[in-house]
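Here are some notes to read with the model open. Take the points in order and find each part as you go.

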Amino acid sequence: MSRAAEIVFDHVTRRYPGRQVAAVDDLSLVIPAGAFCVLVGPSGGGKTTALKMVNRLVPYDAGDIRIDGRSIRDIPVVELRREIGYVIQQIGLFPHMTIGDNVGTVPKLLGWPKQRIRERSAELLELVGLEAADAARYPAELSGGQRQRVGLARALAADPPLLLMDEPFGALDPITRLRLQTELRRLHREVGKTVIFVTHDIDEAIQMGDRIAILREGGVLAQYDTPDAILAHPADTFVAAFIGEDRALRRLALRRLRDVELQPAATDDRAPRVGLDTTLRNAVSLMLETKSDRLVVEDDEGRVKGVFHLRDAGALL
Amino acid sequence: MSGPGPVIPSFGQGSSCVTGDHLFCWDWVRQHWSDTLGPALVQHLELTFIAVAIGFALAFPLALLAHRFRLLEQPLGVVSALLYTIPSVALFQFLIPFTGLTTTTVEVALVAYTLVMLFPNIVAGLRSAPPDVLEAAHGMGLTSRQVLWSVELPLAVPAIIGGLRIAVVSTVAIATIAAFVLPKGLGYPIFLALKEPTPFKTEIYSAAFLAVALALCCDAVFVVLRRVLVPWARKGLA
């Protein structure tokens with residue numbers, strides 16, 4: 001489960017017939033193997049178009065897209081798609097097939113033996129937080145969140161080196177969304193595939209991505225960088241406006257106390273205590289709330305690891 | 001007690017109920033089950049089954065064509081609807097010079113009438129696959145043929161069964177007109193009874209009742225068939 005592919009967009013342009021403005025305009029991006037790349041931007045930014053060009057649901061007019069150095073035009077389209085996991089917002093489970101058969105769709109197309117497909121389905125259902133027994137149920141019997149878990153399992157079934165996700169959590173309630181976001185991050189660490197993830201939600205982009213590509217209207221790439229670099233140095237006023245005026249706080253949310261250097265703590269320090277996994281944003285919030293200029297940081301066993309000062313937070317930005 | 005009535009062959013050697021042409025005579029039904037009503041019922045079922053089977057064999061490929069080439073849908077739909085508007089007796093008059101007083105004549109008419117119930121339903125069924133399901137199917141690398149056979153067609157099954165159900169039930173009703181051409185089906189006893197100077201009620205009622213019962217039974221068969229073939233629609237989904 002460690003195959004991952006490098007994706008290169010090389011001056012790709014797509015114009016829909018009869019439209020003046022390009023959907024995607026001269027897009028160049030290198031997505032390293034194993035990266036979690038989020039395409040984000042307002043509607044009309046061409047992010048879904050860019051995504052669908054990778055599995056050729058949408059053709060491109062100019063430029064090229066390469067997977068591990070190979071142009072996707074040189075790969076028969078059906079073969080290409082079977083090598084790419086595809087997850088969409090409406091999920092698109094086959095209502096007439098059981099969950100097990102849904103998950104086993106691509107392995108079946110690839111001619112895997114039945115026994116292996118069954119085992120693989122059961123394994124994936126557990127990986128995405130469902131039970132092997134759910135394989136016998138039909139999509140209509142599941143909740144929206146469960147269905148999207150199946151959608152994810154189905155996309156992972158044939159162990160593709162690349163996963164395309166088009167606003168996969170857009171239709172879910174906030175609690176389910178947060179849970180699935182967290183699990184997708186964990187899953188990404190476990191299976192180590194390249195992921196291209198489309199969202200219009202900058203918070204989701206910052207939370208999920210190793211890299212974020214911000215597209216503006218007309219399909220122009222505004223900035224492509226790590227979340228931290230984008231928040232620290234927005235390329236222009238469009239990006240600055242898109243990521244919001246609270247970008248300093250958003251940046252702090254990306255880091256946890258275990259990632260920063262702490263000051264030695266006095267043994268009798270009575271400042272509020274927090275765990276190592278607290279984000280800097282929450283730490284600052286707590287200091288403002290308790291009117292304290294510092295926090296005592298402790299590990300899971302309650303051992304004091306050091307002190308974090310409010311001024312240290314400012315210095316980290 | 002009414003006196004002996006006119007001697008009519010199909011009355012048989014009747015009881016006073018039969019000779020008096022009362023509302024309904026069970027003894028006549030029992031007596032003529034094996035020589036009149038039973039065979040008529042079997043023939044009726046046969047006429048219906050053959051008509052719907054041939055109708056389906058024609059409508060299904062036409063629907064696949066209309067699904068593939070959307071331009072064909074409207075003309076084919078119009079033709080099937082027009083066929084339905086031709087009065088059956090007129091259609092028989094038109095066909096008899098070619099096919100004579102045969103089962104073929106009857107079946108051509110019945111088949112023509114099934115098309116208007118089968119064709120649009122099959123097309124609608126094939127079109128009923130939700131766009132997101134089709135996008136996912138193509139995105140996963142199913143070929144167009146695989147999408148048709150393993151996604152669109154299974155999802156069309158409820159609509160196809162619905163079409164077959166209407167076609168069978170209405171063909172059971174329409175098939176009584178076969179008696180204009182042939183001594184076959186449940187229409188024939190009715191036809192004979194009506195030919196008498198005083199129509200024999202029991203014969204009409206019993207044949208009509210059998211036609212209704214046959215339609216209801218066929219309907220029930222399709223309800224069961226749907227439950228068996230469409231397990232996924234039982235819970236939640238329509």
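1. Keep in mind that this is a predicted model.

2. Start with two helices of chain B. Helix α8(B) covers residues 187-195, and helix α9(B) covers residues 201-229. They pack at an angle of about 160°, and their axes are 8 Å apart. An angle over 145° counts as roughly antiparallel, so α8(B) is roughly antiparallel to α9(B). The crossing of α8(B) past α9(B) is left-handed.

3. Now look at the residues between these helices. From α8(B) come B:Pro189, B:Ile190, B:Leu192 and B:Ala193. They meet B:Glu203, B:Ile204, B:Ala207 and B:Ala208 of α9(B). Seven residues of this contact are nonpolar, one is charged and none is polar.

4. Next, the two chains. In chain B, 17 residues are in contact with 19 residues of chain A. Helices α6 (131-139) and α7 (144-174) of chain B each supply at least two residues of the side that touches chain A. The largest share, six residues, comes from α6(B). This side of chain B has nine nonpolar, five polar and three charged residues.

5. Turn to chain A. Three strands form an open sheet with mixed pairing, in the order β11-β12-β13. Strands β11 (273-275) and β13 (304-309) of chain A stand at the edges. Each has a single partner strand, so one side of each is left without a neighbour in the sheet. From one strand to the next, the twist averages 35°.

6. Strand β12(A), residues 294-298, pairs with β13(A) in the antiparallel sense over five bridges. A:Leu295 has A:Phe308 in β13(A) as its bridge partner. Helix α12(A), residues 280-290, packs on the sheet and touches β11, β12 and β13 of chain A. The direction of α12(A) makes about 130° with that of β12(A).

How values were computed:
Residues are numbered from 1 along each chain as its sequence is written. Chains are lettered from A and ligands numbered from 1 in the order in which they are written. This is a predicted model: local features need pLDDT of at least 70, side-chain atom pairs count only at pLDDT 80 or more; totals for chains, interfaces and linings use all residues. Axes are lines fitted to C-alpha atoms, for helices over the stretch in contact, and angles run from 0 to 180 degrees between N-to-C directions. Helices (H or I, at least four residues) and strands (E, at least two) are DSSP runs, numbered from the N terminus. Angles under 35 degrees count as roughly parallel, over 145 as roughly antiparallel, 65 to 115 as roughly perpendicular and the rest as oblique. A crossing is left-handed if the near helix is turned anticlockwise from the far one by less than a right angle, and right-handed if clockwise. Two residues are in contact if their C-beta atoms, placed from the backbone, lie within 7 Å. Ala, Val, Leu, Ile, Met, Phe, Trp, Tyr, Cys and Pro count as nonpolar, Asp, Glu, Lys and Arg as charged, and the others, Gly among them, as polar. Two strands pair if DSSP finds at least two bridges between them.
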